[in-house]
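Please open the model in your viewer and keep the selection tool at hand. The tour goes from one selection to the next, and each stop says what can be found there.

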Amino acid sequence: MFDPCKIREDFPILKRKINNHPLIYFDNAATSQKPRQVIEVIKDFYENHNANVHRAVHTLSQEASELYENAHEEVAKFISANSIEEIVFLRGTTEAINLVSYAWGLRNLKKGDEVIISLMEHHSNIVPWETLSKVNGFNVRYVGVNDDGTLDYEAFENMISEKAKIVCVGHVSNVTGVVNDVKRIAKVAHDHGALTLVDGAQSVPHLPVNVKDLDVDFLAFSGHKMLGPTGIGALYSKREILERMEPFQGGGEMIREVSFNPVTKRCSISWNDLPWKFEAGTPNVCGGVGLMEAVKYLRRIGMENVNAHECTLTEYAMQRMKECQKVKIYGPKDASVKCGIIPFNIEGLSSHDVALFLDSYGIMIRSGFHCAQPLHQTFKLKSSARTSFYIYNTREEIDRFADVLKEIDQL
Amino acid sequence: MVSIEDYVARIEETCGEERDFIVIFKYDKREEAVAKILKKAKIEKSISAIIFELTFKDVSFRLYGTGKAIFRKLKERSELQNVLINLLS
């Protein structure tokens, strides 16, 4: 049975007091806290198994290689990918999207082509495409959002044509928590001959995600938002797409052979197998091992349970927040169409003031643009405060949060 | 002569049209910094001794008892630095 109080016992940081108050961590959309199981596996790796991978025949290297490959396997199972060949480990979502834009986009996008993005995207799913468009001359087009922050599917379906080569969309908005119907988006994209790239940074940690069912072509996500360490994340793509792509970066690990030809006086190079072809240099082995443990932890809880718990908390939090007259919540009113993220403002105060006030009571929330300035412009907001939940958050914490909001409300 | 570095751990500049500066005082110096600022600046409003709305030489800002302050409508970081030097000296 899902019990957040039991889960909390696994998170040492939640025992901390901040500004003489028990820590309430509501900034999970930025990064999650780590359970002791993940912390211990990282410690164990450096104390007992540390070595470079795929480079040596000695015992430690074999152990490290096996752990690192198992980590790919575990992540592949977690999102129902076919095999580890479809899972590339990278620093995180940002690097994964940059890999697609450069390794795929640089060679496949040209003048006259279109890349379709939604206005609710995180900057990391905007900037790589806008930057590359200056090189390749393709057009970047933006699909708008409705007043409640949901995607304007009609506008998307009217906008897409055979010119579109890739549709890039977040699975869950990091500002409103809106869950996009990426299966529908992928179907429409494929009907027009376009690929789909899904930013899964806010979905993979919180929802059951099955890449085969969604039929997306790329899915990028970060380990640190799903109980894992920072500096590790993954890119999923279909094997046939990755096979056709050229590598992102060059170096060790990603090559099978670099052979000097004395006649041409050049080196001829052949690439390593998938996924190593996209993992140049010594990888973040320990990060991968930490991510594996995080995935195992989430699998033990069950992603349906994770999602259900967050939906319940979100609904309860929205209800409690509405008791404060000066609080304005953005995004859908229906908690069932979103994940555990609630953006809001308090009349007469900047979002940073709200965050600093809550901080005084040990409550950690995010304030600002959340790296999604175009969406804030759409809502005509200078910034917003954002509260976001995870498996270890409780109704009691929301009550405390609502009580402090009421104090701010009365200022 | 007081150096800002004696008291300030970090200054965060927020992004967007209206740039706010959030000043985070060093943990072990925060009480001293708050006391100095409260002595020099004019208290416009105090809320539960947690937040102080202050003005100092036409600059209005909010100071938090936790050792953080938020300054608005300052154009340059150098302007903020001058205000901080005056407040902390």
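Begin by selecting helix H3 (residues 59–78) and helix H10 (residues 285–301) of chain A, which pack with their axes 8 Å apart at an angle of about 40 degrees; H3(A) and H10(A) are therefore oblique to each other. Here helices (H or I, at least four residues) and strands (E, at least two) are DSSP runs, numbered from the N terminus. Axes are lines fitted to C-alpha atoms, for helices over the stretch in contact, and angles run from 0 to 180 degrees between N-to-C directions. Angles under 35 degrees count as roughly parallel, over 145 as roughly antiparallel, 65 to 115 as roughly perpendicular and the rest as oblique.

This is a predicted model, in which local features need pLDDT of at least 70 and side-chain atom pairs count only at pLDDT 80 or more, while totals for chains, interfaces and linings use all residues. Residues are numbered from 1 along each chain as its sequence is written, and chains are lettered from A and ligands numbered from 1 in the order in which they are written.

Next, show the side chains between these two helices: among the residues that meet are A:Leu67 and A:Phe78 in H3(A), and A:Val289 and A:Met292 in H10(A). The contact of H3(A) with H10(A) has 11 nonpolar, two polar and three charged residues, where Ala, Val, Leu, Ile, Met, Phe, Trp, Tyr, Cys and Pro count as nonpolar, Asp, Glu, Lys and Arg as charged, and the others, Gly among them, as polar. Two residues are in contact if their C-beta atoms, placed from the backbone, lie within 7 Å.

Now move to the open sheet of four strands in chain A, whose order is E13-E14-E17-E16 with antiparallel pairing; two strands pair if DSSP finds at least two bridges between them. Strands E13 (327–329) and E16 (366–368) of chain A stand at the edges with a single partner strand each, so one side of each has no neighbour in the sheet. Select E16(A) together with strand E17 (residues 384–388) of chain A, and you will find three bridges joining them, with A:Gly368 standing opposite A:Ser384.

Which strands does helix H12 (residues 351–360) of chain A lie across? H12(A) lies across E14 (341–346), E16 and E17 of chain A, and runs at about 160 degrees to E16(A).

Finally, display chain B as well, where the contact takes 13 residues from chain A and 16 residues from chain B. On the side of chain A that touches chain B, the largest share, six residues, comes from H12(A).
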